[in-house]
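Here is a short briefing on one protein chain.

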Amino acid sequence: MLFHTMVGSNDIERSRRFYDAVLGALGTEPATVNMAGSGHTRLFYRNEGGTNFVVTQPIDDEPATVANGATVAFSCDSPEQVALFHATAVEHGGTSIEDAPGPRSSAMGTIHLAYVRDPDGNKLCGIHFPG
């Protein structure tokens with residue numbers, strides 16, 4: 001259903017370093033850098049499923065802000081990869097938020113979650129479903 005999810009950045013090079021490391025821990029290749037027609041830089045992270053995660057300088061030249069209530073969740077292959085996602089994010093300038101990374105009860109059984117904010121304040125989640 002989704003083609004891409006996009007978040008804004010106030011420091012695109014800081015974001016590139018952060019997301020190259022964090023998404024690299026999930027097996028994603030480093031960003032493809034794209035210059036929008038407006039002259040703003042965008043970072044494209046692609047996966048085999050065809051969806052894209054994009055980080056961009058806001059094209060209205062206003063500061064990037066976070067969406068209250070929004071979370072971008074990245075699928076992890078194992079509980080260990082959830083922990084690696086979290087540790088890598090914190091090591092590269094992210095902030096750990098909410099409960100410590102680990103198992104949570106859900107209607108689908110036990111899931112593993114880790115929540116962080118990127119250096120611009122965007123809320124991210126690493127998640128592993130049983131299966």
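**Overall size and fold**

With 131 residues, the protein chain would have a radius of gyration near 14 Å as a compact globule; its value is 15 Å, which agrees. That radius is taken over C-alpha atoms, and the globule rule is 2.2 Å times the number of residues to the power 0.38. This is a predicted model: local features need pLDDT of at least 70, side-chain atom pairs count only at pLDDT 80 or more, and totals for chains, interfaces and linings use all residues. Residues are numbered from 1 along each chain as its sequence is written, and side-chain values use heavy atoms, with hydrogens and water left out.

**Fold**

- The C-alpha trace of the protein chain spans about 45 × 30 × 25 Å along its principal axes.
- The protein chain has two helices and eight strands. Both are DSSP runs numbered from the N terminus: helices are H or I with at least four residues, strands are E with at least two.
- Their pattern along the sequence is β-α-β-β-β-β-α-β-β-β.
- Take the contacts in the protein chain with a separation of 6 or more: 54% of them join residues 24 or more positions apart. Contact means heavy atoms within 4.5 Å.

**Surface and charge**

- Of the 131 residues in the protein chain, 44% are buried. Buried means under 20% relative accessible area, exposed over 50%, and partly exposed in between (1.4 Å probe, protein chains only).
- The protein chain exposes about 7,300 Å², and carbon and sulfur atoms supply 52% of that area. The areas come from the Shrake-Rupley method with a 1.4 Å probe; for residues, only the protein chains shown count as cover.
- The chain carries 8 positive and 15 negative charges, and their mean positions are 2 Å apart. Lys and Arg count as positive, Asp and Glu as negative; His and the chain ends are not counted. Each charge is placed at NZ of Lys, CZ of Arg, CG of Asp or CD of Glu.

**Cysteines**

- A disulfide is a pair of cysteine sulfur atoms within 2.5 Å. The count by this rule is zero.
- The closest cysteine sulfur to that of Cys-76 is in Cys-125, at 7.8 Å, which is too far for a bond.
- Cys-76 is buried, because its relative accessibility is 4%.
- Cys-125 is also buried, with a relative accessible area of 3%.

**Ser-15**

- Ser-15 lies in helix H1 (residues 12-24).
- At 2% relative accessibility, Ser-15 counts as buried.
- Neighbours within four places in sequence aside, Ser-15 contacts Ser-9, Asp-20, Leu-43, Tyr-45, Val-55 and Asp-120.
- Ala-70 is 55 residues from Ser-15 along the chain, and their C-alpha atoms are separated by 18 Å.
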